[in-house]
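Visitor: I would like to learn how to read the features of a protein model. Please show me the structure, and then take the terms one at a time.

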Amino acid sequence: MAEPIRLFVTSSPELEAEREVAGQVVAGLPVRLGWEIRHTPRPGEALAPALAAVETAHLYVFILGMDYSAPMGLEWARAVRAKKRKLVFVKEVAHSPAAALWISEHSEEVDWVSFDSLASFRLSFERHLIRALLDLAEALRLHLDEIEGLRARLKALEEAVPEAPTVAHGAERSAIILGER
């Protein structure tokens with residue numbers, strides 16, 4: 001059985017809705033492989049498994065909102081050290097001093113996508129995730145029909161206008177999505 005696509009999502013504590021959208025996007029992609037999605041641990045949850053998940057992830061997603069708080073820095077440093085493929089998103093909000101410092105320290109070395117709403121995040125996230133999957137298609141052993149499905153979805157997204165995502169709950173947590181293979 002093929003291994004699942006492993007995604008790690010580091011995010012500011014207040015971005016529960018964005019984590020939910022990320023989970024919905026992943027679940028809706030035309031890929032038969034399963035997914036293993038891990039997130040920044042919540043207060044009281046163990047950190048070591050999260051840091052190990054960063055190291056084994058195929059893709060590392062960083063979503064900065066109002067604040068840049070622990071353990072985001074450890075997760076970011078682990079992803080940088082492990083040379084992970086990074087998808088970085090920064091919400092256009094009033095940032096805390098820590099978040100503003102992260103932005104100023106990384107503004108020249110990190111190419112991020114700014115977003116101002118859940119709808120714009122969903123569209124940007126899906127586009128960038130699909131591009132990353134297509135870049136990693138060989139390593140992930142995606143089949144031709146999956147690649148074609150992703151390309152078709154990307155083409156449709158290039159012409160799409162952001163629209164409000166479906167309100168649902170449960171996809172913002174770490175999860176395993178079983179694939180068909």
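Guide: Start with burial: a residue is buried under 20% relative accessible area, exposed over 50%, and partly exposed in between, with a 1.4 Å probe and protein chains only. Helices (H or I, at least four residues) and strands (E, at least two) are DSSP runs, numbered from the N terminus. This is a predicted model, in which local features need pLDDT of at least 70, side-chain atom pairs count only at pLDDT 80 or more, and totals for chains, interfaces and linings use all residues. Residues are numbered from 1 along each chain as its sequence is written, and side-chain values use heavy atoms, leaving out hydrogens and water.

Visitor: Which residues of helix α2 are buried, and which exposed residues does the face turned away from them carry?

Guide: An α-helix has 3.6 residues a turn, so residues three or four places apart point the same way. In α2, residues 48-56, the buried ones are A50, L51, A53 and V54. They lie on the same side of α2 because they cover an arc of only 155° around the axis, the arc being that of the directions from the helix axis to the C-beta atoms. On the face turned away from this buried side are the exposed residues A48 and P49.

Visitor: What do the buried residues of α2 pack against?

Guide: Contact means heavy atoms within 4.5 Å. The buried residues of α2 pack against the strands β1 (5-11), β2 (35-39) and β3 (59-64), and against helix α3 (72-81).

Visitor: At what angle do α2 and α3 pack?

Guide: Axes are lines fitted to C-alpha atoms, for helices over the stretch in contact, and angles run from 0 to 180 degrees between N-to-C directions. Angles under 35 degrees count as roughly parallel, over 145 as roughly antiparallel, 65 to 115 as roughly perpendicular and the rest as oblique. Here the angle is about 30° and the axes are 9 Å apart, so α2 and α3 are roughly parallel to each other.

Visitor: Which residues of α2 and α3 meet?

Guide: From α2 come A50, L51, V54 and E55, and from α3 come L74, E75, R78 and A79. By class, this contact has 5 nonpolar, no polar and 3 charged residues. Ala, Val, Leu, Ile, Met, Phe, Trp, Tyr, Cys and Pro count as nonpolar, Asp, Glu, Lys and Arg as charged, and the others, Gly among them, as polar.

Visitor: Which residues of helix α4 are buried?

Guide: In α4, residues 97-106, they are A99, W102, I103 and H106. Their arc around the axis is only 95°, which puts them on the same side of α4. They pack against β3, α3 and β4.

Visitor: Where is L150, and is L150 buried or exposed?

Guide: L150 is in helix α7, residues 144-158. Its relative accessibility is 0%, so L150 counts as buried. Beyond its neighbours within four places in sequence, L150 has contacts that include L29, P30, V31 and I130.

Visitor: What should I look for in the backbone?

Guide: Most residues other than glycine have a negative phi, and most peptide bonds are trans. A70 and P71 are joined by a cis peptide bond, with omega about 5°, and P71 lies in the loop between β3 and α3. K83 is not a glycine, yet has a positive phi of about 55°. K83 lies in the loop between α3 and β4 (85-91) and is exposed, at a relative accessible area of 73%. R141, also not a glycine, has a positive phi of about 60°. The loop between α6 (137-140) and α7 holds R141, which counts as exposed at 65% relative accessibility.
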